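Subject: Structure handover

Hi,

Here is the structure I promised to pass on. Please have a look at it first, then read my notes below.

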Amino acid sequence: MQETAPLLDVLIVGAGISGIGCAYHIQKKCPDLSYSIIEARSDLGGTWDLFKYPGIRSDSDLFTFGYEFKPWKEKKAIADGRSIKAYVEETAAENGIKEHIRFLTRVVDIDWQSDKHYWRVTLKSEESGQHEHIAARWIFNASGYYRYDKGYAPHFKGQSQFYGQIVHPQHWPEDLEYENKRVVVIGSGATAVTLVPALAKSASHVTMLQRTPSYVLPVPVDDPIAKHLRAWFSEDTAFKAARWFNIAKQRWVYAFCQRFPHRARKIIRSLNAKMLPEGYPVDIHFNPPYNPWEQRLCAVPGGDLFESISKGKASVATDTIDTFTETGIKLDSGQHIEADIIVTATGLNLLPLGGIVPKIDGEAVSLPECVTYKGMLLSGVPNFAIAVGYTASSWTLKIGLLCEHFTRLLNHMEEHGFTQCTPVADPNMETQPLLNFGAGYIQRSLEQLPRQGMQFPWSMSFNYAQDVKIFRKGRVDDPALKFE
C-alpha cells in the first residue's frame, strides 16, 4: 500500500456533470487551490457514460440542465445522451479539467483526522486492485445518488420460464437485436416513455406495461424561444435569455400544478387526448392516481410516444403482472402479452454518497442522524460537501449554485486562516425527509438518507430565484457553522 500523497485542497468524487462543474468553479474562483477528481469508471460523464439504452435523453431542457458558463448550442432542447456526454467532455477539455481526473479509481474509505484537520482517503485501483492513501482538506461528493452497478429489478413470478431475453435499461447489451421483435417494456417513468418510441422504430411491436400511469407531457423538439432569439442575437445572449425563460417556465409550471392540481390534470389530459387516436382510453392509460408534480412529469419531445401509439407501433397496457410465461407475460386480468424481449424499466437503486460512509477518527457517521445545511453540508461532519439538486426542476440548476457557494466558503476559510468548517445542528431540531418526492426509488431509500430541518438554513430550498440570493449573495460565515 502506497504512503499518503501530498495534501490536496479539494478531492472531488465523480467525474459526471456535477463533478466537472465543481472543478470549473474551483479553477475559476479559487485558482490557488489544488484539486483532483476521482472516477471509478474508465471515462467521464457519469450517467451519460453509463446508460446506453436506445433513445436515452435528458428529461430537462439543456438550457437549464447544462452549465450556465457554457452555452448549449444544439437545436434540440431535450438532448440525447451522446450529445450530453460530448458537451461534458468538451467542457472538461476546454478548461484543462481532464488532466485532473484519475480514472478507474474508487474511493473506498474516508476518515477525518481531527488532530490534523484533513481527510485520510483510501483509494483502490479498479485495474490492479491495489490501495493507496491520499489526504485532502475538503471532499466534494459528486458521485450521484443511485447505484451504478445494479438497477432496481424486482423478481417476477415465473421469470425463469421466459424463453426470451430479460434486459434492464441500466445494463443494456450493445448487441441486443430487437428488430422485428415483440418487446414489452415494464414501467411508466421517464426511461419507459423514452424507450418505447425508440424501440418502436424497428421492433415489430412494443407494449408499455404499467401498473400505474405517469403524467406524460409533449414538448417541442426545438426550443421556440431559443430559435427566435438566435435569429436576432449572439449565441451567448440567446442562450442566457433562453435559460432564464426556461427557468421561469419550469417554476411557473410547478407552481401552477401545486396550486391548481385539478386544472393542471385537465390540461395535461387534453394535450394527451389531442395526440392520440379518437376514442383512445386516455383515462385508463394516462390518468395517474396522484396530482401533477407529486412525481416528475415525463417529457416526450414532439410527442413521440403518442405518435408511436397512433401508428400502431406501440400500445399501453395498464394492469398488474400475474406471472411470466414461456412466451410473454400473463396479467391479473387474464390477458396474455406475447414477447420476445422483456425490458424491466423498473427504476433505480439509491446509493447515498455513492456508497461512501464518512468516518471521523475511525468512527462511521450515521447519515440518517445528520441534517443537511443549505442542502450541501452535513451536520457534525467537517469539510464535507454533497451535491443534491432539484427534483421539481433541472437537477443541475441547484448544483451550479452549490458549487458557487462552495467556492465562496473555501475563499472565506483561506482569507481567515480556517482549516475546518463543521455545521452544528440543535440535536432537538424537528426534521423531515431530505427529498419530499413520490418516486419509488426515493421512497424505498428515505431511511438511508440524511434529513433536512424545517427552517433555513437546515431546510432544502426548491426555488431557484431564492437560491440565487442565498448561494451567490448570502453570508458564508453563518452562525450555524463552526470554524476552526
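In which helix is Lys85 found? Lys85 belongs to helix H4, which covers residues 81-94. Bear in mind that this is a predicted model.

Is Lys85 buried or exposed? Its relative accessibility is 14%, and buried means under 20%, so Lys85 counts as buried. Set aside the neighbours within four places in sequence, and Lys85 is in contact with Asp43, Leu44, Trp48 and Asp49.

H5 gives the most, with four residues. By class, the lining has 11 charged, 10 nonpolar and four polar residues.

Last, a pair of helices. Helix H1 (residues 17-29) packs against helix H11 (residues 395-416) at an angle of about 35°. Their axes are 9 Å apart. The crossing of H1 past H11 is right-handed.

Which residues meet there? From H1 come Ile17, Ser18, Gly21, Cys22, His25, Ile26 and Lys29. H11 brings Trp395, Thr396, Ile399, Gly400, Cys403, Glu404, Phe406, Thr407 and Asn411. By class, this contact has seven nonpolar, seven polar and two charged residues.

Best wishes

How values were computed
Residues numbered from 1 in each chain as written. Predicted model: local features only at pLDDT ≥ 70, side-chain atom pairs only at ≥ 80, totals over all residues. Heavy atoms only, no water. Axes fitted to C-alpha atoms, helices over the stretch in contact; angles between N-to-C directions. Helix = DSSP H or I, 4+ residues; strand = E, 2+ residues; numbered from the N terminus. Left-handed = near helix turned anticlockwise from the far one by under 90°. Contact = heavy atoms within 4.5 Å. Nonpolar A, V, L, I, M, F, W, Y, C, P; charged D, E, K, R; others polar. Buried < 20%, exposed > 50% of the residue type's maximum accessible area, 1.4 Å probe, protein only.
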